[in-house]
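Good morning, colleagues. Please keep the sequence and the model in view.

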Amino acid sequence: IVCNSRFPGDPSALPELQGPKVDGTLLRDALTDPSAGLFERSEVRLLPEAEAPEAIAAIDDFFGTAEADDTLLFYYSGHGRSRNRQLFLCVGNTRVERLNSTAVPESTLSDVISGSFAQVKIVILDCCHSGVFKGGDIVEGLSGNGRFVIAATSATDRANDAGVRGQPSPFTKALVDGLLSDALDRDGDLTVDLDDLFTYLSNVKFDGHEPHRKFDGAGAVPIARRSPKSVAAPMESLSPSTRPDRAEQTA
């Protein structure tokens, strides 16, 4: 879970954000919630206010050390900048005139994911232009074998920040609400899968943008768990059949 709210490398071009200050903690707590979560707290790494070398190293380590039966979830909240039809995830030292060397380029993230042995890789992006990968409105550039991408916006839209200090970004708030309770377990198997989650997100009213997705195959990948008492609501393990120890990890 990578969150950047401050960008001291270029504060005039990348103003401070409020949502990312709390987005990561709320998402971590939802993913590890005792009743709805599918992850153990020890499986989730929160990386706040990182600079490019630290973020890229953490991403490389996360995907590079995974095993074939792992299900991985990568999340980013912060500024996204688009240049030459490519998305850049902005971090602490990012300078907009030097995005290739000071941000996390889409191409770098995609290459790292490609090298992972994990069979299921989930990528969730809460930033402006998050659907821009390779110029595709449905994040085509991050598509590939075993990949499931959910983006807060299209290639041209801007994601909304929190309205006040201490509140999460609107998209991440909806994501967390969906994981904890609001996304429906539509087939009654006591889990919420990625299709269930995106169906919920696509019906949330955001101001000026809507979520996009690119799934490699069916989105029947569990992401949250539901109790028998909840009639069609969210949350089960990111992989009920792979719940053993290292089966679910998040960064």
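Asp-193 caps the N-terminal end of helix 6, with a side-chain oxygen 3.1 Å from the backbone nitrogen of Asp-195. That is a polar contact, meaning a pair of N or O atoms within 3.5 Å; within protein, one must be able to donate a hydrogen and the other to accept it, and residues adjacent in sequence count only if both atoms are side-chain atoms. Helices (H or I, at least four residues) and strands (E, at least two) are DSSP runs, numbered from the N terminus.

This is a predicted model, in which local features need pLDDT of at least 70 and side-chain atom pairs count only at pLDDT 80 or more, while totals for chains, interfaces and linings use all residues. Residues are numbered from 1 along each chain as its sequence is written, and side-chain values use heavy atoms, with hydrogens and water left out.

Let us turn to helix 5. Its buried residues include Phe-171, Leu-175 and Leu-179, and helix 1, strand 3 and helix 6 are among the elements covering them. Helix 5 has 13 residues, yet its end C-alpha atoms are only 15 Å apart, short of the 18 Å that a straight helix would reach at 1.5 Å a residue; the expected span is 1.5 Å times one less than the number of residues.

Next, the interior. A nonpolar core is a set of buried Ala, Val, Leu, Ile, Met, Phe, Trp, Tyr and Cys residues joined through side-chain atoms within 4.5 Å. The largest has 33 residues, and Ile-122, Leu-179 and Ile-223 have the most contacts inside it. Helix 5 (170–182) and helix 6 (194–202) are among the elements that each supply at least two of its residues. A second, separate core of 30 residues includes Cys-90 and Val-149.

Finally, an open antiparallel sheet has three strands in the order 4-5-6; strands pair if DSSP finds at least two bridges between them. Strand 4 (80–83) and strand 6 (104–105) each have a single partner strand, so one side of each is left without a neighbour in the sheet. Leu-89 stands opposite Val-104 in strand 6.

Conventions:
Buried < 20%, exposed > 50% of the residue type's maximum accessible area, 1.4 Å probe, protein only. Contact = heavy atoms within 4.5 Å.
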